[in-house]
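Good morning, and thank you for joining.

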Amino acid sequence: MAQMGRPRVFDRQQAIEQAMHLFWEQGYETTSLSQLKTQIGGGISAPSFYAAFGSKEALFKEAVQCYLESYARVTDGLWDDEIPPREAVELTLRRSAKMQCESGHPKGCMVALGTMSAPKPEHAHVAKPLAASRSRTHAGFVRCVERGIAMGELSEETDARAMGTMFSSFLLGVSISARDGIKISVFNASITELMKLWDAARNER
């Protein structure tokens, strides 16, 4: 009597990471179930997919959470009060630009590219965690500028929201430029120039 083959081992976490890369590359709406099954591999069937993840939307939510708990942490320094505010801003810009240009995963930032991931109104709720992350990063930049003012490093006339928005907007733009092939060396040179605007706002004492 022929022996039945062993069932394929399904690594759920690995599957989430593979799906994350596909969503990161293509967005939510343009990624199909067929593409997800192919990306995950292992010959997973539609019933097995739904049993494991519930739905495409549920898998996207897990993929987003996976991204936020890993790659997106390059912005954590914005909230670390042990890092001087100027250093926190520059460190975040350089870390994020480096991550967005690295090989081994799609170029750009999944959070920034989330604005195009689910553009249809009926899917707006799907991208809310990405929107929340963008808002948090923006708030982090503003907070660093506010810290700089409070510490006397920056002039009291500095517009914290305007300067914070400048840094945040630059970082959002890195995602598109990285996909267009701009190299990390160019981003690093741009960040050096950008930080001169911080220095120009220093408090003259």
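Let me begin with a crossing: helix 5 passes helix 8 in a right-handed manner, where right-handed means that the near helix is turned clockwise from the far one by less than a right angle, and left-handed that it is turned anticlockwise. Before going further, I note that this is a predicted model, in which local features need pLDDT of at least 70 and side-chain atom pairs count only at pLDDT 80 or more, while totals for chains, interfaces and linings use all residues. Residues are numbered from 1 along each chain as its sequence is written, and side-chain values use heavy atoms, leaving out hydrogens and water.

Helices here are DSSP runs of H or I with at least four residues, numbered from the N terminus.

Which residues in helix 5 meet helix 8? From helix 5 they are Val 89, Leu 93, Ser 96, Ala 97, Gln 100 and Cys 101, and they meet Phe 167, Phe 170, Leu 171, Val 174, Ser 175 and Ala 178 in helix 8, contact being heavy atoms within 4.5 Å. The residues of this contact divide into nine nonpolar, three polar and no charged.

I turn to the salt bridges, defined by a side-chain nitrogen of Lys or Arg within 4 Å of a carboxyl oxygen of Asp or Glu. By this rule the count comes to twelve.

In helix 4 (residues 56–68), Glu 57 and Lys 61 lie four residues apart, about one turn of the helix. Their closest N and O atoms are 3.5 Å apart in a salt bridge. Lys 61, at 45% relative accessibility, counts as partly exposed, a class between buried (under 20%) and exposed (over 50%), with a 1.4 Å probe and protein chains only.

Glu 153 pairs with Arg 202 in another salt bridge, at 3.2 Å between the closest N and O atoms. Because Glu 153 lies in the loop between helix 7 (128–150) and helix 8, and Arg 202 in the segment after helix 9 (184–200), the pair ties together parts 49 residues apart in sequence. Glu 153 is buried, at 16% relative accessible area, whereas Arg 202 is partly exposed, at 34%.

Finally, Glu 153 and Arg 202 belong to a network of salt bridges that also links Arg 86, Glu 90, Arg 94 and Asp 199.

Definitions and conventions
Helix = DSSP H or I, 4+ residues; strand = E, 2+ residues; numbered from the N terminus. Nonpolar A, V, L, I, M, F, W, Y, C, P; charged D, E, K, R; others polar.
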